[in-house]
Amino acid sequence: MTKPKTKSRLLEAVHEGARDLHEAGFIDKRRMREFDALCLDPIPAYDKDRIRSLRERHRISQAVLAAVLNTSLSTVRQWEIGDKQPSGPSLKLLNLLDRKGIKALV
């Protein structure tokens, strides 16, 4: 199991104990993945301004962003005018684009 970025030192210590229990065979792989997910920082919200600035920072059009995120052009337009908010996989991919850059998605 990889070590996820945790929210606090206490949670990190608890996670280390769970990892040891997993290695000893007391926690199965599925439960350990669930625990890993709980220890990760939440994905921040992306409002219309943040999405537009992210797209402009990477110098990509709305159409290219839509293709990279596997969504429609109209959805990206609606995000940027504030009619819709990204969620689920699109939100995770926006966060990945923000943290790692366009090369992580193509």
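Before I start, one term: when I say that two residues are in contact, I mean that they have heavy atoms within 4.5 Å. Please also keep in mind that what you are looking at is a predicted model.

Let me begin with arginine 55, which lies in helix α3, residues 48-57. Is arginine 55 buried or exposed? Arginine 55 is buried, because its relative accessible area is 13% and the cut-off for calling a residue buried is under 20%. If we leave aside the neighbours within four places in sequence, arginine 55 is in contact with Ile60, Ser61, Gln62, Leu65 and Glu80.

Staying with α3, the buried residues of this helix are Ile51, Leu54 and Arg55. Seen down the axis of α3, these buried residues fall within an arc of 95°, and therefore they line one face of the helix. As background, an α-helix has 3.6 residues a turn, so residues three or four places apart point the same way. And what do the buried residues of α3 pack against? They pack against α4, α5 and α6.

That brings me to helix α4, residues 62-69, whose buried residues are Leu65, Ala66, Val68 and Leu69. Down the axis of α4 the buried residues fall within an arc of 165°, so here too we can say that they line one face of the helix. The elements that cover them include α3, α5, which is residues 73-81, and α6, which is residues 88-100.

Next, a word on the loops. Arginine 59 is found in the loop between α3 and α4, and its phi is near 55°, a positive value in a residue other than glycine. Asparagine 70, in the loop between α4 and α5, likewise has a positive phi of about 55° although it is not a glycine. For context, most residues other than glycine have a negative phi. Arginine 59 is exposed, with a relative accessible area of 80%, and asparagine 70 is exposed as well, with a value of 73%.

Finally, let me turn to helix α1, residues 9-24, and helix α2, residues 29-39, whose axes come within 11 Å and cross at roughly 170°. Because of that angle, α1 is roughly antiparallel to α2. On the α1 side, Leu11, Val14, His15, Ala18, Arg19 and His22 meet Lys29, Met32, Phe35, Asp36 and Cys39 in α2. By class, this contact has six nonpolar, two polar and three charged residues.

Also in α1 is glutamate 23, which is exposed, with a relative accessible area of 65%.

Key: Residues are numbered from 1 along each chain as its sequence is written. This is a predicted model: local features need pLDDT of at least 70, side-chain atom pairs count only at pLDDT 80 or more; totals for chains, interfaces and linings use all residues. Side-chain values use heavy atoms; hydrogens and water are left out. Helices (H or I, at least four residues) and strands (E, at least two) are DSSP runs, numbered from the N terminus. Buried means under 20% relative accessible area, exposed over 50%, partly exposed in between (1.4 Å probe, protein chains only). Axes are lines fitted to C-alpha atoms, for helices over the stretch in contact, and angles run from 0 to 180 degrees between N-to-C directions. Angles under 35 degrees count as roughly parallel, over 145 as roughly antiparallel, 65 to 115 as roughly perpendicular and the rest as oblique. Ala, Val, Leu, Ile, Met, Phe, Trp, Tyr, Cys and Pro count as nonpolar, Asp, Glu, Lys and Arg as charged, and the others, Gly among them, as polar. The arc is that of the directions from the helix axis to the C-beta atoms.
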